[in-house]
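Q: I would like to go through this structure with you. Could we begin with its interior and then turn to its charged side chains?
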Amino acid sequence: MSNEVEIGRGKRASVGYSFDDIAVVPSRRTRDAADVSISWQLDAYLLDAPIIGAPMDSVTSPQTAIAMGKMGMLGVLDLEGIWTRYEDPEPFLEEISELPDDAVFARMQEIYREPVKAELISARLEEIRVAGVPVAGALSPQRTQEYWKTVADAGVDLFVIRGTTVSAEHVSSNREPLNLKRFIYELDVPVVVGGAASYTAALHLMRTGAAGVLAGFGGGATTANRRTVGVAVPMATTVANVAAARREYMDETGGRYVHVIADGQISTSGDLIKAIACGADGVMLGTVLARANEAPGRGYHWGAEAHHKNLLRGERVKVDQVGSLETIINGPSQDATGTTNLTGALRHAMAMTGYSDVKEFQRVPVSVGQY
């Protein structure tokens, strides 16, 4: 169904809604929170909560990936980040957290100019594997062709191809583009791809054989894409559109299910709840987890856009450290800001609306308005 307005005689625009624009609506039934299940089956892996740590250097280190895994969640390591460029990245992480604002961009570009090393990719993934938790790593589409075999040989359990926008029909006159369909077919592990900003883009990505599609661009608090290149998406609408593409793909294939993972603009437990209400199976979190005391960003948060060698499209932002990773995920809450006890908030919302599991909760009514 089209929902468009005319912004001028020669241009129409679609109407979209952010998570701030919507709210979950209780129904006639409630449920005891102890009877609610928030577990999530992501391909072969049963997770205790629908939460994934974003592949960003300020969020996921090998240590925080292990901690998330032991809590029954999944942390995705950025395999072209600082962890695979330096044997000991700690001094550089410390420096980034101490840089003044007027020097941070130039110095971060210098730090990230160090080449990615294949042997460090293998070592970091092995470090996570030895801890006995699922191993997940991410590459950009541009680096996937160069390093995918290293990642596969290291025994990754889940492979993420994550970019500002990822398409199944990339066109390039400079190099042979990644053939996603052939790549996913030949790689013997589940692949999650994104971001997808529309119904059509998501449907095309699903047709490549991906196990999951990232709805959105990620980097909500750190990205400056809207200001620098004029690109942004309203996340509530985006998640709903990608979830609709999933239904279409299930009809096409006779029931093959592709996971929808909301990625971006989720900064509180309320945003997480509304992402699932719009149709997401899980969420990929950056800012929320960057607030943890153990987070490698040391109270700061940034993405790859903040150190791009040619076009800076992101920022290093200061985030408040609100408690331990355990407190952020499982509580108890420290205040009413929605930054701690994510799983408790999700259980409470599901209990208030009478739903017993995450899949059912995707059907909860929502309203649009000023709240």
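A: A nonpolar core is a set of buried Ala, Val, Leu, Ile, Met, Phe, Trp, Tyr and Cys residues joined through side-chain atoms within 4.5 Å. Buried means under 20% relative accessible area, exposed over 50%, and partly exposed in between (1.4 Å probe, protein chains only). This is a predicted model, in which local features need pLDDT of at least 70 and side-chain atom pairs count only at pLDDT 80 or more, while totals for chains, interfaces and linings use all residues. Residues are numbered from 1 along each chain as its sequence is written, and side-chain values use heavy atoms, leaving out hydrogens and water.

Q: How many residues has the largest nonpolar core?
A: That core has 110 residues, and Leu-272 and Phe-361 have the most contacts inside it. Helix H9 (residues 235-253) gives the most to this core, namely six residues; helices are DSSP runs (H or I, at least four residues) and strands likewise (E, at least two), numbered from the N terminus.

Q: Now the charges: how many salt bridges are there?
A: The whole structure holds 15 salt bridges, each a side-chain nitrogen of Lys or Arg within 4 Å of a carboxyl oxygen of Asp or Glu.

Q: Which residue pairs with Lys-359?
A: Lys-359 forms a salt bridge with Asp-281 (2.7 Å, N to O). The two lie 78 residues apart, with Lys-359 in helix H14 (residues 358-361) and Asp-281 in the loop between helix H10 (269-277) and strand S13 (282-285).

Q: Is Asp-281 buried or exposed?
A: Asp-281 counts as buried because its relative accessibility is 3%, whereas Lys-359, at 36%, counts as partly exposed.
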